[in-house]
Amino acid sequence: MRPPLEGVRVIELAGIGPAPFCGMMLADHGAEVIRIDRPGGSDPLAQDEERDVLLRSRRSITLNLKRPEAVEIVAKLVETADGLIEGFRPGVAERLGLGPDTLMKRNPALVYARMTGWGQNGPLADKAGHDLNYISLSGGLAAIGPEGQPPVPPLNLIGDYGGGGMMLAFGFVTALLAARQTGKGGIIDCSMADGAAAMMAGMWTLKHNEMWTQPRGQNLLDGGAPFYGCYACADGTFIALGAIEPKFFDRLREALGLADDPLFADQYEQSKWPAMKKRLSEIFASRPRTVWTDLLQQRDCCYSEVLTM
């Protein structure tokens, strides 16, 4: 099958986190992505860019964008490109001479995709931040973590990659489709705070339906439900259960010898969840994980091992 973005050319102004993730996604799907790197590299945390997974599938050119001749090279590349990705703070691209107004005069069909933490304007627009900050003000972070403990950083999956890079890639492709139909490009203004908030749609649905009413760690998908969470095994490893639907929960109960246990008779009785979780914790802690995998893997009850990197 032909890669869906074959024939699409994208210029990526090097950055960290969400912008290169977007570039990776576009390149993985067939786009020709040319990355404009800074002298010395763009990521202060990178030990070896040759091993940086986020930089895969594309070529790079090193240019000092503080030099006018380097800016002109980028502008020339943009003239024959379908899109450009940048992840600078608001106003930086404009000061470099690579803002959307300038480049879209040279290529009216250009898709100009830009990524920020807080958006291009507003009280926080020029403030520094990272994934954790963006998801903290979007409502996502407060919902993640055990009961009675501080919220737990979910790596940088929600702000950087889900609400950031993936949203930017989605916006890029939608604008590209429009540009192919109309000949007119567009600006994709993606902020990680906005993207993280959008990813909370399902949780808001649960809340509106009064299915997310308890403090953190006591609800359906945040570790409160005994049938949706992780358990330690006797050998120090962990397993994950996702038996939300009754048919999967019934198969789990049967496999564990709990089919006739009255404690587990009403799956969604929240008052019994702590006791159910305690009992399951004792059961899984009594045997090594291999035993549970042999017992549950083929039962189709939403069981899996928790594997490490």
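Two strands count as paired if DSSP finds at least two bridges between them. Helices (H or I, at least four residues) and strands (E, at least two) are DSSP runs, numbered from the N terminus.

The model on screen is predicted: local features need pLDDT of at least 70, side-chain atom pairs count only at pLDDT 80 or more, and totals for chains, interfaces and linings use all residues. Residues are numbered from 1 along each chain as its sequence is written, and side-chain values use heavy atoms, with hydrogens and water left out.

**Whole chain**

The C-alpha trace spans about 75 × 40 × 40 Å along its principal axes. Of the 309 residues, 43% count as buried; buried means under 20% relative accessible area, exposed over 50%, and partly exposed in between (1.4 Å probe, protein chains only). Contact means heavy atoms within 4.5 Å. Among contacts with a separation of 6 or more, 65% are between residues 24 or more positions apart.

Select residues 111-116, which form strand S5. Is this strand enclosed or open? Six of its six residues are buried, so the rest of the structure largely encloses it. Colour Val-111, Ala-113 and Met-115, which point one way, and then Tyr-112, Arg-114 and Thr-116, which point the other way.

Then go to S1, which pairs with S4 in the parallel sense over three bridges. Val-10 has Gly-83 in S4 as its bridge partner.

**Helix H1**

Select residues 18-28, helix H1. Ten of its eleven residues are buried. Among them are Pro-18, Phe-21, Cys-22, Met-25 and Leu-26. To see what covers the buried residues, show strand S1 (9-13), strand S2 (32-37), S4, S5, H6 and H7, which are included in the cover. After H1 comes Gly-30, whose phi is positive, near 105 degrees.

**The nonpolar cores**

A nonpolar core is a set of buried Ala, Val, Leu, Ile, Met, Phe, Trp, Tyr and Cys residues joined through side-chain atoms within 4.5 Å. In soluble globular proteins, nonpolar side chains tend to be buried together.

Which residues touch the most other members of the largest nonpolar core? Select Val-10, Leu-26, Leu-168 and Phe-172, from a core of 30 residues. Helix H1, S5, helix H6 (157-182), S6 and helix H7 (192-198) each give two or more residues to this core. Keep Leu-26 selected: not counting residues up to four places away in sequence, it touches Leu-5, Val-10, Ala-31, Val-33, Ile-85, Ala-169, Phe-172 and Val-173. Another core, of 24 residues, lies apart from this one and includes Ala-225, Ile-239, Ala-255 and Leu-280.

**A pocket**

A pocket is an open set of points on a 1 Å grid over the protein atoms alone, where a 1.4 Å probe fits, with protein on both sides within 12 Å along at least five of seven lines; lining residues have an atom within 4 Å of a point. Select Gly-140, Ile-158, Met-199, Trp-212, Asp-222 and Tyr-228, which are among the residues lining the second largest pocket. This pocket holds about 240 Å³ of space, where volume is the space filled by probe spheres set on the points, joined across faces, edges and corners.

Pro-90 is in the loop between S4 and helix H3 (92-96). It counts as partly exposed, at 21% relative accessibility. Leaving aside neighbours within four places in sequence, Pro-90 is in contact with Arg-95, Thr-116, Gly-119, Gln-120 and Ala-125.

Most residues other than glycine have a negative phi. Ser-57, in the loop between S2 and strand S3 (59-62), has a positive phi near 70 degrees.

End at Leu-155, in the loop between helix H5 (131-136) and H6. Leu-155 has a positive phi of about 50 degrees, and is exposed, with a relative accessible area of 65%.
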